[in-house]
Amino acid sequence: MRNTRFQNKVATRGSSFPIVIIITTLIWYVSILLTGDYKAVYSPFIENILEMVWPKGNVWVEGGIGLLFSVLTAYTILELHNTFSLIRIRSTMVGVVFLWCMGCCSFLHVMQPGIFLQLCFVALLFSLFASYQQIEPVKQICFAFFFCGLGSLFSPKFIYLVPLLLLGMIQFQSFTIRTFFAGAIGLVIPYSFWAVFLLYSQNFDLMTNQLTEWTSFSPIDYSLLSIDQIAAFCLLTLITIFSAGHFMANSFQDKIRIRSYFSFLFIADLAVGTSIILQPSMFNELFSVYLVINSITGAHLFALTNSKVTNLFFIVCIVLSILIAIVPIWMPFINF
């Protein structure tokens with residue numbers, strides 16, 4: 001009997017990805033047009049560079065750059081899936097889930113550090129996964145830590161992923177003395193280039209601010225978060241719980257390598273999710289990474305299940321995400 005459930009149609013049809021790109025583009029620019037409060041938020045690293053080369057203020061261009069980075073990240077996640085066969089069937093679901101969530105989360109549409117962190121994090125996963133049971137994974141580990149260091153230039157606390165990377169090295173059996181020092185070198189390389197740039201621009205305060213950011217933490221204040229941010233976090237957390245339950249119940253069908261990858265992803269999910277709860281002031285940056293992880297684990301759930309319950313859950317998630325997208329768009333009219 002041919003499977004005709006909506007969930008499986010989306011998961012298996014190749015047209016799902018280009019369709020969701022079009023939908024995301026429309027939602028992206030509609031939210032910028034109607035909310036009327038688009039404001040780019042740059043990291044000090046980018047801000048200093050853009051002062052010399054970028055005429056800021058064009059919201060359409062800045063929004064377009066953010067969208068372009070999101071599409072690029074989606075393609076990179078798809079390549080991650082194709083390279084390591086994260087899902088047992090041929091599917092573009094990882095890219096579909098990621099772009100759909102990005103489109104519905106209007107608070108991520110501004111030009112902000114999170115869009116760079118997403119790309120760095122996917123590249124980090126790419127390198128780390130490639131080190132799995134390699135005899136000499138020095139190059140892969142060096143690149144993984146390089147992208148961690150590069151991401152920390154956009155958001156300093158991204159460097160706190162280092163313990164998670166070390167845990168991944170142990171889990172993937174790639175931790176040795178050589179790879180440890182290769183990781184240390186990779187982590188320092190972005191800062192070496194940045195130091196040259198600071199020497200050229202004579203702006204050493206940025207380095208001081210970077211070091212200060214590593215040790216400064218804001219008090220827990222959930223009043224900083226909007227309704228759509230809280231709702232988006234709760235929805236992704238709900239999907240994570242269902243994904244984890246499905247994975248634990250059916251992981252025997254996956255290869256040991258895939259089990260190791262997803263075990264690491266769920267640990268990273270827990271770590272980033274806990275960080276969001278403890279540091280709501282960094283919500284956008286942390287949630288951007290949280291979304292990348294959940295696009296992979298959520299796609300695994302939706303692509304490999306085939307029941308009335310999961311199909312209903314998939315539709316409910318779509319409806320809730322549409323509501324999350326609509327709330328900030330209609331808020332100005334409600335206030336008026």
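Tutor: Let's start with the largest nonpolar core, which in this predicted model has 98 residues. Met93, Leu125, Phe129 and Phe287 are the ones with the most contacts inside that core. Helix 13 supplies its largest share, 14 residues.

Setting aside residues up to four places away in sequence, Phe287 touches Cys105, Phe107, Leu108, Ala232, Phe233, Leu236 and Ile276. Helix 12 covers residues 256-278 and helix 13 covers residues 283-304, and the two pack at an angle of about 150° with their axes 9 Å apart. An angle over 145 degrees counts as roughly antiparallel, so that is how helix 12 runs relative to helix 13. Their crossing is left-handed. On the helix 12 side, the contact is made by Phe262, Leu265, Phe266, Ala268, Asp269, Val272, Gly273, Ser275 and Ile276. Helix 13 answers with Phe283, Leu286, Phe287, Val289, Tyr290, Ile293, Asn294, Ile296, Thr297 and His300. Sort the residues of this contact by type and you get 13 nonpolar, five polar and one charged.

Now for helix 6 and helix 7. Helix 6 (residues 113-130) packs on helix 7 (residues 138-154) at an angle of about 170°, and the axes are 8 Å apart. That again makes the pair roughly antiparallel. From helix 6 come Pro113, Phe116, Leu117, Cys120, Ala123, Leu124, Ser127, Leu128 and Ala130. They meet Gln140, Ile141, Phe143, Ala144, Phe147, Cys148, Leu150, Gly151 and Phe154 of helix 7. Here the tally is 15 nonpolar, three polar and no charged.

While we're in this part of the chain, have a look at Thr76. Thr76 sits in helix 4 (residues 59-84). Its relative accessible area is 19%, and the cut-off for buried is under 20%, so Thr76 counts as buried. Leaving out neighbours within four places in sequence, Thr76 is in contact with Leu119, Val122 and Phe126.

One more helix pair, with another geometry to read off. Helix 9 (residues 177-201) and helix 10 (residues 205-215) pack at about 140°, their axes 10 Å apart. That angle makes helix 9 oblique to helix 10. Tyr191, Trp194 and Leu198 of helix 9 make the contact with Leu206, Met207, Gln210 and Trp214 of helix 10. By type, these residues divide into six nonpolar, one polar and no charged.

Most residues other than glycine have a negative phi, which gives us two spots worth checking. Ser85 has a positive phi, near 50°, and is found in the loop between helix 4 and helix 5 (93-104). At 41% relative accessibility, Ser85 is partly exposed. Gln173 also isn't a glycine, and its phi is positive at about 60°. Gln173 lies in the loop between helix 8 (162-171) and helix 9, and with a relative accessible area of 54% Gln173 is exposed.

Technical notes
Residues numbered from 1 in each chain as written. Predicted model: local features only at pLDDT ≥ 70, side-chain atom pairs only at ≥ 80, totals over all residues. Heavy atoms only, no water. Axes fitted to C-alpha atoms, helices over the stretch in contact; angles between N-to-C directions. Helix = DSSP H or I, 4+ residues; strand = E, 2+ residues; numbered from the N terminus. Parallel < 35°, antiparallel > 145°, perpendicular 65-115°, else oblique. Left-handed = near helix turned anticlockwise from the far one by under 90°. Contact = heavy atoms within 4.5 Å. Nonpolar A, V, L, I, M, F, W, Y, C, P; charged D, E, K, R; others polar. Buried < 20%, exposed > 50% of the residue type's maximum accessible area, 1.4 Å probe, protein only. Core = buried A, V, L, I, M, F, W, Y, C linked by side-chain atoms within 4.5 Å.
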